[in-house]
Amino acid sequence: YESLPSPPESSTSAKAKDADTLDMLKDDEPRRVGNIAYLTDPLQSKENNSSYFITCAAFGKNGDEVYAATKCGSLLVFRTPPSTIQALQNGKRTDATTCAKPSVCIKVPGAAAAWQIVVSKNGKHVLFNSADCALRLYDVDEIFKHDGEPNPTNIPPRFVFQDTLSRSPWACADFSADGEYVVGGCNSYPQPGDNYRLFMWSTITGELVDQLKGPHASLYSLSCHPTRSFIAVGSSDGVIDVWSPRVQWTAFAPDFQARVCNVLYEEEEDEFDIVVDSNEENTASEDKEPPEEETVDIITVEKTAAEVTFPVRVLKLFSEKSKPKSEM
């Protein structure tokens with residue numbers, strides 16, 4: 001394990017300093033709003049060479065473990081003791097000097113300090129954002145294969161993401177909602193304040209999927225939407241930029257070409273006017289035959305045989321019944 005650099009002081013002064021720090025912690029307990037428990041020893045002691053200078057930490061998917069990074073480039077995994085979690089939930093005061101040894105200790109290549117650790121929402125990946133301008137992706141299953149080993153282990157990361165052109169440090173990074181993509185944001189370097197850029201990589205293949213260029217502002221933080229494909233960016237201009245996926249217009253029009261910026265389209269005067277060709281109109285009229293002149297009789301009513309026969313028979317029948325018997 002790595003330890004904090006001990007100051008060049010005598011053992012008596014070191015013990016006195018530790019006692020003063022412990023008294024300060026105890027005096028500060030009544031002023032706390034909530035309870036606190038330490039997973040690492042906050043005091044420097046020569047007898048217990050197991051102190052770590054933690055720069056950032058993050059809970060796992062279920063909260064059963066805590067991932068932490070040190071300033072000397074180590075990735076630590078602490079198992080949260082059930083007694084400590086129960087004491088915090090019940091509101092009991094815990095010992096401020098309680099410390100636990102990490103179950104996994106990994107030496108990150110480059111030994112650079114980390115300022116951010118991100119755990120994917122599905123709990124399969126851990127992202128290590130270090131000061132050497134690199135994002136290192138680790139598999140959780142590969143990490144816990146070395147659970148319980150006493151010595152630090154060297155586990156190569158699955159992928160290392162970098163801006164190969166400018167080598168800019170990553171201001172912030174996050175996982176997508178499904179954990180299939182890693183989004184990293186960096187500012188222009190060495191002239192900050194020009195604009196920021198977003199990079200998106202695949203956690204399956206490690207290839208760069210997309211690159212977005214932001215407005216003239218510096219990126220402070222970013223966060224992915226928990227269910228949708230949106231990215232929220234906090235920048236120096238005081239505005240929240242929300243990014244959405246690009247529309248693949250080539251799926252609708254294969255010959256579509258994206259432009260860098262919008263172009264003002266000027267419509268011509270007769271562009272959408274309907275023009276009839278006079279030659280085609282004359283040709284169509286010549287092909288048509290002139291209509292024949294016929295006289296239409298609208299006065300004479302033509303009667304069918306049924307219409308003539310039936311009334312005559314009825315009339316004859318009534319006339320025979322109306323004649324007197326003498327005449328018959």
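**Briefing: pockets, salt bridges and selected residues**

Ala111 lies in the loop between strands β4 (104-107) and β5 (114-119); helices (H or I, at least four residues) and strands (E, at least two) are DSSP runs numbered from the N terminus. The structure is a predicted model, in which local features need pLDDT of at least 70 and side-chain atom pairs count only at pLDDT 80 or more, while totals for chains, interfaces and linings use all residues. Residues are numbered from 1 along each chain as its sequence is written, and side-chain values use heavy atoms, with hydrogens and water left out.

**Positive phi angles**

- Ala111 is not a glycine, yet its phi is positive, near 50 degrees.
- With a relative accessible area of 47%, Ala111 is partly exposed (buried means under 20% relative accessible area, exposed over 50%, and partly exposed in between, with a 1.4 Å probe and protein chains only).
- Cys133 also has a positive phi although it is not a glycine; the value is near 65 degrees.
- Cys133 is located in the loop between β6 (125-130) and β7 (134-139), and it counts as buried at 15% relative accessibility.

**Salt bridges**

- Five salt bridges are present in the structure (a side-chain nitrogen of Lys or Arg within 4 Å of a carboxyl oxygen of Asp or Glu).
- One of them joins the side chains of Arg136 and Asp132, with an N to O distance of 2.8 Å. Arg136 is buried at 8% relative accessible area, whereas Asp132 is partly exposed at 26%.
- Arg158 and Asp139 form another salt bridge, at 3.4 Å from N to O. Because Arg158 lies in the loop between α3 (140-143) and β8 (159-161) and Asp139 in strand β7, the pair ties together parts that are 19 residues apart in sequence. Arg158 is partly exposed at 38% relative accessible area, and Asp139 counts as partly exposed at 22%.
- Asp163 pairs with Arg197 in a salt bridge whose closest N and O atoms are 3.0 Å apart. Asp163 lies in the loop between β8 and β9 (170-175) and Arg197 in strand β11 (residues 196-202), so this pair ties together parts that are 34 residues apart in sequence. Both Asp163 and Arg197 are buried.

- The largest pocket holds about 520 Å³ of space. On a 1 Å grid over the protein atoms alone, a pocket is an open set of points where a 1.4 Å probe fits, with protein on both sides within 12 Å along at least five of seven lines, and lining residues have an atom within 4 Å of a point. Points are joined across faces, edges and corners, and a volume is the space filled by probe spheres set on them.
- The lining of the largest pocket comprises 13 residues, and those closest to its centre are Arg246, Phe256, Ala258, Arg259 and Val260.
- Seven nonpolar, four polar and two charged residues make up this lining (Ala, Val, Leu, Ile, Met, Phe, Trp, Tyr, Cys and Pro count as nonpolar, Asp, Glu, Lys and Arg as charged, and the others, Gly among them, as polar).
- Phe256 is in the loop between β15 (240-243) and α4 (278-287), and it is partly exposed at 38% relative accessible area.
- Phe256 also belongs to a nonpolar surface patch with Val247, Trp249 and Phe252; together they have about 460 Å² of accessible area. Patches consist of residues with over 30% relative accessible area and no salt bridge, with like charges joined within 9 Å and nonpolar side chains (Val, Leu, Ile, Met, Phe, Trp, Tyr) within 5 Å. Areas come from the Shrake-Rupley method with a 1.4 Å probe; for residues, only the protein chains shown count as cover.

**Second largest pocket**

- About 380 Å³ of space lies in the second largest pocket.
- Its lining has 19 residues, with Tyr181, Met200, Ser229, Ile231 and Pro245 nearest the centre.
- Strands β10 (181-187) and β12 (208-213) each contribute at least two residues to this lining, and β12 gives the largest share, three residues.
- By class, this lining consists of 11 nonpolar, four polar and four charged residues.

- Tyr181 lies in strand β10 and counts as partly exposed at 29% relative accessibility.
- Cys172 belongs to strand β9 and counts as buried at 9% relative accessibility.
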